[in-house]
Amino acid sequence: MIIIDRFEGDIAVLETDSGMVQVSRSCISSDAQEGDVLRTENGVYLPDREATEARRAAVRSKLNMLRRNGNG
């Protein structure tokens with residue numbers, strides 16, 4: 001899985017299964033945002049909206065569980 005960790009000027013820092021990597025922001029679709037899950041197509045990173053929403057829903061669920069258990 002590839003996730004946008006952050007943008008630093010013209011560089012995008014991506015979290016991958018192999019660790020953190022930096023790529024030129026020009027290699028990423030202009031509508032991609034921090035936290036988006038990406039897929040590659042023809043050498044360009046594109047947001048995978050379904051995977052991004054599924055990941056965000058899983059994180060929300062874990063956060064809600066922690067709050068219900070009094071740990072958050």
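In what sense do strand E4 (residues 37–41) and strand E5 (residues 44–47) pair, and over how many bridges? In this predicted model, the two strands run antiparallel to each other, and four bridges join them. One of the places to look is Arg39, whose bridge partner in E5 is Leu46. Between the strands of this hairpin lie two residues, and Asn42 adopts a positive phi near 55° there.

Let us move on to helix H1, which spans residues 49–68. Thr52 is part of this helix. Is Thr52 buried or exposed? Its relative accessibility is 4%, so Thr52 counts as buried, the cut-off for that class being under 20%. Leaving aside residues up to four places away in sequence, Thr52 is in contact with Gly35, Asp36 and Val37.

Arg55 also belongs to helix H1. Here the relative accessibility is 31%, and Arg55 therefore counts as partly exposed. Which residues does Arg55 touch, again not counting those up to four places away in sequence? The answer is Met1, Ile3, Gly35 and Val37. For a last stop, compare Arg55 with Arg25: the two are 30 residues apart along the chain, and 22 Å separates their C-alpha atoms.

How values were computed. Residues numbered from 1 in each chain as written. Predicted model: local features only at pLDDT ≥ 70, side-chain atom pairs only at ≥ 80, totals over all residues. Heavy atoms only, no water. Buried < 20%, exposed > 50% of the residue type's maximum accessible area, 1.4 Å probe, protein only. Contact = heavy atoms within 4.5 Å. Pairing = 2+ DSSP bridges.
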